[in-house]
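Student: Hi! I have a new model open and would like to talk through how it packs. Could you take a look with me?

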Amino acid sequence: MKLRWKMIVLFVSLLVLLLMVQGYFVHFLRKPLFLSSLFGLMIVIPLAYLVAIFFTRPIRKMTEMAKQLAKGGLKREVDVDPEDELGRLSKAIGEIGAELRNRIEEISKEKDYLQTVLRGMMEGVLVVDGRGHILTVNDALRNLLSLSSTLIDKTPLEVIRNSELEGAIRRVIETGKNVTFELNLPSSGGKTFEVNVVGLSPSPEVTALQREGARGAITVFHDITRLKELEKIRQDFVANVSHELRTPLTTIKGYAETLLGGALKEEVAPQFIEIINRHADRLAKIVEDLLMLSKVESKEFYLKPERLPLAELINDVVGFVKEAAEKKKISILQSDVPISLSVEADRAYLEQVFTNLLDNAIKYTSEGGKVTLSAIDKDQKEIQFSIKDNGIGIPKEELHRIFERFYRVDKGRSKELGGTGLGLSIVKHIIQAHGGKIWAESELGKGSTFYFTLPQRRWNIGTIEGRPE
């Protein structure tokens with residue numbers, strides 16, 4: 001039955017009851033009309049109160065439902081007559097509650113998913129609202145910029161102290177147009193970031209006038225410091241290669257043009273031809289070292305490991321440089337290496353390492369000096385080699401750069417001695433491919449010592465011919 005009809009029936013019933021009571025007191029008990037009406041009201045009012053309770057109870061229950069709904073949850077539905085208006089209202093509130101629970105669950109899942117994505121990102125992420133105040137910051141950005149934990153509702157300028165970043169975020173919020181730029185932040189230890197600022201699109205319900213800006217912005221910080229370093233290395237490498245190749249080519253071209261201009265029949269012709277030949281050899285050596293460096297740096301670089309007795313290997317490489325040492329009256333001393341001591345390595349490349357380091361020691365040691373070569377077994381895990389000279393030495397501030405490509409401590413002296421500036425870089429890559437490491441110690445004017453290690457067992461890094469390990 002409809003609620004309004006229920007109320008009409010009950011109201012009429014109470015009115016009829018009042019009239020019946022009044023009539024009974026007036027006609028049968030002969031009481032005055034006023035007193036009869038008073039007795040009738042005394043009987044009807046309690047009944048009316050009970051009727052009011054009957055009708056308001058489901059309304060109070062639905063009010064409680066609405067309060068629960070406002071708090072974000074609906075524990076149970078109200079048990080009312082499903083046929084009247086209150087029943088339909090209760091059902092509608094129940095459906096709203098169920099839909100609200102589903103929406104809250106979906107939003108919670110999306111929030112958890114978003115938080116998981118943000119935690120897993122290597123890039124730093126900063127999210128601001130339409131006022132430019134911070135909503136969230138992921139852990140990566142906190143670590144990159146050493147940010148504190150109290151960031152929410154602050155502005156990026158307060159937290160990161162960079163006006164360029166603050167201005168970019170403001171522009172994106174105002175115009176809705178994405179911005180990309182590079183940023184150097186002292187708080188990150190001098191790192192370089194590529195920063196992408198993207199506006200949060202307004203919801204479809206927003207009017208066209210309000211839609212001109214953005215509801216906020218997401219700022220993503222990509223750490224490109226390593227890329228910048230690699231780019232600089234590439235640029236320096238290209239510049240160095242160009243310079244190293246241009247010098248002998250210029251010399252060859254100059255003397256060749258002189259000979260073609262009529263000096264071919266002059267007495268100086270053989271001398272010019274010798275100079276051309278010497279610079280052609282230097283050019284060939286540079287190209288050869290460049291090809292070797294490219295080879296050892298590539299993923300296709302394979303080694304041919306074999307068990308090598310160290311005493312025999314050291315004797316062989318000393319023999320390779322013996323003539324150069326004798327010309328400068330430099331003595332090469334060897335420590336006593338046990339005959340049983342051996343290492344698993346690629347013989348050709350290991351000989352190249354020893355030859356390069358011994359050749360450098362001889363070149364930068366004065367006449368009558370000495371070079372000492374030793375090998376030490378360290379805990380049966382690795383063998384440490386050292387090549388020590390008493391030559392000119394290397395300044396301490398230069399030591400960390402000597403393994404860079406084309407880097408020379410004394411550029412003029414290196415070219416005079418025929419160096420290309422690539423030898424130590426090649427040596428470093430060969431040692432690393434064997435699973436070892438290399439470093440140097442030096443004191444200016446007293447000499448240098450180059451150390452490198454090789455593992456006793458088969459290396460776990462590097463590559464072996466036919467299969468990478």
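Student: Let's start with F403: buried or exposed?
Tutor: F403 is buried, at 13% relative accessibility. Keep in mind that this is a predicted model.

Student: And how is F450 placed, buried or exposed?
Tutor: F450 is buried, with a relative accessible area of 11%. Its ring pairs with that of F403: the centres are 6.3 Å apart and the planes lie at 85°, so the pair is edge-to-face.

Student: Which parts of the chain does that pair tie together?
Tutor: F403 sits in the loop between β10 (382-389) and α11 (411-416), while F450 belongs to strand β12 (residues 447-455), so the pair ties together parts that are 47 residues apart in sequence.

Student: How many aromatic pairs does the structure hold?
Tutor: There are eight aromatic pairs. One of them joins Y255 and F272, edge-to-face, with 4.8 Å centre to centre and 65° between the planes. That pair links helix α7 (residues 225-260), which holds Y255, to helix α8 (residues 269-297), which holds F272, and the two residues are 17 apart.

Student: Which rings link into a cluster?
Tutor: F354, F385 and F452 do, through ring pairs.

Student: OK, on to the nonpolar core. Which residues touch the most other members of the largest one?
Tutor: L350, F354 and F452 do, in a core of 53 residues. Helix α10 (residues 347-363) gives this core its largest share, eight residues.

Student: What is L350 in contact with, leaving aside its neighbours within four places?
Tutor: L308, L313, V343, A345, F452 and L454. There is also a second, separate core of 25 residues, and V172, I173, A217 and F221 are among its members.

Student: Which residues sit on each side?
Tutor: S342, E344 and D346 are on one side, with V343 and A345 on the other, and both faces are covered. In general, side chains in a regular strand alternate between the two faces of the sheet.

Student: In what sense does β6 pair with β8?
Tutor: Antiparallel, over five bridges, with β6 covering residues 305-309. L308 has V343 as its bridge partner in β8.

Student: New topic: S442. Where does it lie?
Tutor: S442 is in strand β11 (residues 438-443). It is buried, with a relative accessible area of 11%.

Student: Which polar contact does its side chain make with another side chain?
Tutor: It makes one with the side chain of S448, at 2.8 Å. A polar atom of the S442 side chain also lies 2.7 Å from the backbone nitrogen of I394.

Student: Last one, the overall picture. How many helices and strands does the protein have?
Tutor: It has 12 helices and 14 strands. Of its 469 residues, 38% are buried. The accessible surface comes to about 28,800 Å², and carbon and sulfur atoms make up 57% of that. Among contacts with a separation of 6 or more, 61% are between residues 24 or more positions apart.

Notes. Residues are numbered from 1 along each chain as its sequence is written. This is a predicted model: local features need pLDDT of at least 70, side-chain atom pairs count only at pLDDT 80 or more; totals for chains, interfaces and linings use all residues. Side-chain values use heavy atoms; hydrogens and water are left out. Rings of Phe, Tyr and Trp (its six-membered ring) pair if their centres lie within 6.5 Å; planes under 30 degrees apart count as stacked, over 60 as edge-to-face and the rest as tilted. Helices (H or I, at least four residues) and strands (E, at least two) are DSSP runs, numbered from the N terminus. Buried means under 20% relative accessible area, exposed over 50%, partly exposed in between (1.4 Å probe, protein chains only). Two strands pair if DSSP finds at least two bridges between them. Contact means heavy atoms within 4.5 Å. Accessible areas come from the Shrake-Rupley method with a 1.4 Å probe; for residues, only the protein chains shown count as cover. A polar contact is a pair of N or O atoms within 3.5 Å; within protein, one must be able to donate a hydrogen and the other to accept it, and residues adjacent in sequence count only if both atoms are side-chain atoms. A nonpolar core is a set of buried Ala, Val, Leu, Ile, Met, Phe, Trp, Tyr and Cys residues joined through side-chain atoms within 4.5 Å.
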